[in-house]
Amino acid sequence: MIAGASGVDALVLVVAADDGVMPQTREHLHVAGLLGVDRIIVALTKVDLVDDETLAMAKQTYATSSHR
């Protein structure tokens, strides 16, 4: 995953709202931290498949979380 990843300034993390954080999500965030990536853009997909409460929780989770 990290081959040729030098000089990465930002990470786009795609997360399905109906699945949430998966084990590989945490691994990717850990590797991003090791590479010194300090900017993450979260693309929350499948928002049409969850209710408003679940969507609000997902947005709050990613708005306040840190990968370090």
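What follows is a chat about a predicted model of one protein chain.

Colleague: I'm new to this one, so how many helices and strands does the chain have?

Modeller: In this predicted model the chain has two helices and two strands, and, read from the N terminus on, its elements run β-α-β-α.

Colleague: And in what sense do the strands pair, parallel or antiparallel?

Modeller: Strand β1, which covers residues 11-16, and strand β2, which covers residues 40-45, pair in the parallel sense, and six bridges join them. To get from β1 to β2 the chain passes through helix α1, residues 23-34, and this β-α-β crossover is right-handed.

Colleague: Which residue in β2 is the bridge partner of Leu11?

Modeller: The bridge partner of Leu11 in β2 is Ile40.

Colleague: What about the next residue, Ile41: where does it lie?

Modeller: Ile41 lies in strand β2 as well, and, leaving out residues up to four places away in sequence, Ile41 touches Leu11, Val12 and Leu13. There is also a distance worth looking at on the structure: the C-alpha atoms of Ile41 and Tyr62 are separated by 9.5 Å, although the two residues are 21 residues apart along the chain.

Colleague: Is Ile41 buried or exposed?

Modeller: Ile41 counts as exposed, because its relative accessible area is 51% and the cut-off for exposed is over 50%.

Colleague: Which residues make a nonpolar surface patch with Ile41?

Modeller: Val12 and Val14 make that patch together with Ile41, and its area is about 290 Å².

Colleague: Changing topic to the helix, is Thr25 buried or exposed?

Modeller: Thr25, which is found in helix α1, is buried, because its relative accessible area is 8% and buried means under 20%.

Colleague: Which residues is Thr25 in contact with, leaving aside its neighbours within four places in sequence?

Modeller: With those neighbours left aside, Thr25 is in contact with Leu13 and Val15.

Colleague: Now charges: how many salt bridges does a search of the whole structure find?

Modeller: The search finds one salt bridge, in which the side chains of Asp38 and Arg39 meet at 3.7 Å, taken from N to O. Asp38 itself is exposed, with a relative accessible area of 53%.

Colleague: Stepping back, how much of the chain counts as buried?

Modeller: Of its 68 residues, 21% count as buried, while the chain exposes about 4900 Å², of which carbon and sulfur atoms supply 54%.

Colleague: And what share of the contacts with a separation of 6 or more comes from residues 24 or more positions apart?

Modeller: Residues 24 or more positions apart account for 79% of those contacts in the chain.

Key. Residues are numbered from 1 along each chain as its sequence is written. This is a predicted model: local features need pLDDT of at least 70, side-chain atom pairs count only at pLDDT 80 or more; totals for chains, interfaces and linings use all residues. Side-chain values use heavy atoms; hydrogens and water are left out. Two strands pair if DSSP finds at least two bridges between them. Helices (H or I, at least four residues) and strands (E, at least two) are DSSP runs, numbered from the N terminus. A crossover is right-handed if, with the strands pointing away from the viewer, the path from the first strand over the helix to the second runs clockwise. Patches are made of residues with over 30% relative accessible area and no salt bridge: like charges are joined within 9 Å, nonpolar side chains (Val, Leu, Ile, Met, Phe, Trp, Tyr) within 5 Å. Accessible areas come from the Shrake-Rupley method with a 1.4 Å probe; for residues, only the protein chains shown count as cover. A salt bridge is a side-chain nitrogen of Lys or Arg within 4 Å of a carboxyl oxygen of Asp or Glu. Buried means under 20% relative accessible area, exposed over 50%, partly exposed in between (1.4 Å probe, protein chains only). Contact means heavy atoms within 4.5 Å.
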